[in-house]
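Please look over the sequence and the model before reading on.

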Amino acid sequence: MRTTTAILFTGALAAFGLVFGAAACGGASFQGNRAEEIDTSSYPADIQASYKVTAQRCSKCHSLARVWESGITDEDYWVRYVERMRHQPGSGITKGDESVILHFLFYYSAQKRDAGASKTAANP
Ligand code: HEC
């Protein structure tokens, strides 16, 4: 399964080629609601790879929109939430998935914070 490739990715730049492989054909293999997916095409390859794991793992019990619209931008909160979700019965989330998912959620939160900051700066 292709997502295994993404999971194996732990931040090593050496894995770049593998990640591109996963990004190229990962989309077809999971059943999330596509409307809830976010456009990660402008994100770095490692973030795109960790997004795939996040979208797959976190859409099992509730919509992905619930994750994106939670309003959480604090990294400590994400650590706690992902841990809590992992402990939900039948989550299918492994300890190893956690760091991959957090890799994406931290990036996503930083994007959200930046967007908020530039909006304030542009519209004082
Ligand atoms: C096994 C089922 C399951 C999986 C998998 C799961 N969740 Fe949840 N999630 C729940 C349930 C049940 C709730 C509501 C109860 C609660 O808040 O603990 C919830 C609530 C949430 C909330 C709170 C939303 C709100 O409106 O307050 C967030 C955020 C969230 N999940 C994020 C995630 C993330 C991120 C992942 C992937 C790491 C994930 N969930 C995977 C079952 C799951």
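Y107 counts as partly exposed because it has 17 C-beta neighbours inside 10 Å; a residue is buried with 20 or more other C-beta atoms within 10 Å of its own, exposed with 12 or fewer, and partly exposed in between, the C-beta atoms being placed from the backbone. This is a predicted model: local features need pLDDT of at least 70, side-chain atom pairs count only at pLDDT 80 or more, and totals for chains, interfaces and linings use all residues. Residues are numbered from 1 along each chain as its sequence is written.

**Surroundings of Y107**
- Helix α6, residues 95–122, contains Y107.
- The C-alpha atom of Y107 is 7.5 Å from that of I47, and the two residues are 60 apart along the chain.

**Fold**
- The protein chain has 6 helices and 0 strands; these are DSSP runs numbered from the N terminus, with helices being H or I of at least four residues and strands E of at least two.
- Of its 124 residues, 24% count as buried.
- Among contacts in the protein chain with a separation of 6 or more, 68% are between residues 24 or more positions apart, a contact being two C-beta atoms, placed from the backbone, within 7 Å.

**Ligand shell**
- Of the 17 residues around the ligand, C58, C61, S70, M85 and Q88 come nearest; a residue is near a molecule if its C-beta atom, placed from the backbone, lies within 6 Å of it.
- Helices α4 (64–68) and α5 (75–86) each supply at least two residues of this shell, and α5 gives the most, with 4 residues.
- The shell has 8 nonpolar, 5 polar and 4 charged residues, where Ala, Val, Leu, Ile, Met, Phe, Trp, Tyr, Cys and Pro count as nonpolar, Asp, Glu, Lys and Arg as charged, and the others, Gly among them, as polar.
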